[in-house]
Amino acid sequence: MKHVVKHIVARLNDARRWLGGADEGSGTMSGVALIAIASIMLGAVAMVANLLFCAHRAQNTADMAAVAAATSLRDGAADPCLVASRTVAANETMLRSCAVEGEDALVTVRAATQLPFAPWVERQSRAGPIACG
């Protein structure tokens with residue numbers, strides 16, 4: 001009988017050791033999950049920031065190019081879109097279209113992003129004289 005009791009106690013001790021270690025390492029997994037979620041969120045914020053930065057750069061470049069083209073048109077330049085093209089190139093963007101409508105210059109600019117799902121953003125701007133009075 002004494003031998004049977006020792007055997008049962010030994011089995012209970014084995015079971016206790018096995019059950020006691022069941023949650024061992026769960027803190028590590030929670031930490032890994034937390035780091036993964038934080039990394040994904042930071043990546044998403046970086047993508048949105050890049051998209052907004054490129055959109056603002058494209059809009060600012062389109063505004064400057066339209067004003068440059070309208071100014072050169074007012075000054076009598078033969079090709080105001082050439083001036084707009086130089087302005088766009090100096091800002092490391094791409095001129096998609098340039099048109100002269102009356103005394104206005106209409107410019108569309110494309111800026112590259114670093115996002116695979118939105119490789120570029122386009123913005124448009126118009127500039128020309130405003131009638132005073």
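Reader: Where is the place of S125?

Author: S125 sits in strand β3. Keep in mind that this is a predicted model.

Reader: Is S125 buried or exposed?

Author: Look at the relative accessible area. Under 20% means buried. S125 has 9%, so S125 is buried.

Reader: Which residues is S125 in contact with, leaving aside its neighbours within four places in sequence?

Author: They are Q59, A62, D63, A66, A105, L106 and V107. One of these contacts deserves a second look. The side chain of S125 makes a polar contact with the side chain of D63, at 2.7 Å.

Reader: Let me step back. How many helices and strands are there in the protein chain?

Author: Count 3 helices and 3 strands. Start at the N terminus and the order reads α-α-α-β-β-β.

Reader: What share of the residues is buried?

Author: The protein chain has 133 residues, and 23% of them are buried.

Reader: What share of the contacts with a separation of 6 or more comes from residues 24 or more positions apart?

Author: The share is 48%.

Reader: Start with Q59. Where is Q59 found?

Author: Q59 belongs to helix α2. Its relative accessible area is 25%, so Q59 counts as partly exposed. Not counting residues up to four places away, Q59 touches R123, Q124 and S125. Now check Q59 against R110. They are 51 residues apart in sequence, yet 9.0 Å apart in space, C-alpha to C-alpha.

Reader: Now W120. Where is the place of W120?

Author: W120 is in strand β3, which covers residues 120-127. Its relative accessibility is 42%, so W120 counts as partly exposed. W120 touches R110, A111, A112 and T113, again leaving out residues up to four places away. Compare W120 with A58. The two are 62 residues apart in sequence and 9.5 Å apart in space, C-alpha to C-alpha.

Reader: What about T108? Which strand is T108 found in?

Author: T108 is in strand β2, residues 104-112. With 10% relative accessibility, T108 counts as buried. Outside four places in sequence, T108 touches M94, L95, R96, S97, E122, R123 and Q124. The side chains of T108 and Q124 are joined by a polar contact of 3.4 Å.

Reader: Let me turn to the helices. How do I describe two packed helices?

Author: Use the angle between their axes and the distance between the axes. Take helix α2, residues 26-74, and helix α3, residues 80-90. Their axes come within 8 Å and cross at roughly 150 degrees.

Reader: Which residues make the contact?

Author: From α2 come T61, M64, A65, A68, A69, S72 and L73. From α3 come P80, V83, A84, T87 and V88. Sorted by kind, the contact of α2 with α3 has 9 nonpolar residues, 3 polar and no charged.

Reader: I see L73 in that list. What else is L73 in contact with, beyond four places in sequence?

Author: The set is P80, V100, G102, E103 and D104. L73 lies in helix α2. At 25% relative accessibility, L73 counts as partly exposed. The C-alpha atoms of L73 and G102 are separated by 9.9 Å, and the two residues are 29 apart along the chain.

Reader: One last feature. What should I expect of phi?

Author: Most residues other than glycine have a negative phi. Now look at E92. Its phi is positive, about 55 degrees, although E92 is not a glycine.

Reader: Where does E92 lie?

Author: E92 is in the loop between α3 and β1, the latter being 94-101. With a relative accessible area of 68%, E92 is exposed.

Notes: Residues are numbered from 1 along each chain as its sequence is written. This is a predicted model: local features need pLDDT of at least 70, side-chain atom pairs count only at pLDDT 80 or more; totals for chains, interfaces and linings use all residues. Side-chain values use heavy atoms; hydrogens and water are left out. Axes are lines fitted to C-alpha atoms, for helices over the stretch in contact, and angles run from 0 to 180 degrees between N-to-C directions. Helices (H or I, at least four residues) and strands (E, at least two) are DSSP runs, numbered from the N terminus. Contact means heavy atoms within 4.5 Å. Ala, Val, Leu, Ile, Met, Phe, Trp, Tyr, Cys and Pro count as nonpolar, Asp, Glu, Lys and Arg as charged, and the others, Gly among them, as polar. Buried means under 20% relative accessible area, exposed over 50%, partly exposed in between (1.4 Å probe, protein chains only). A polar contact is a pair of N or O atoms within 3.5 Å; within protein, one must be able to donate a hydrogen and the other to accept it, and residues adjacent in sequence count only if both atoms are side-chain atoms.
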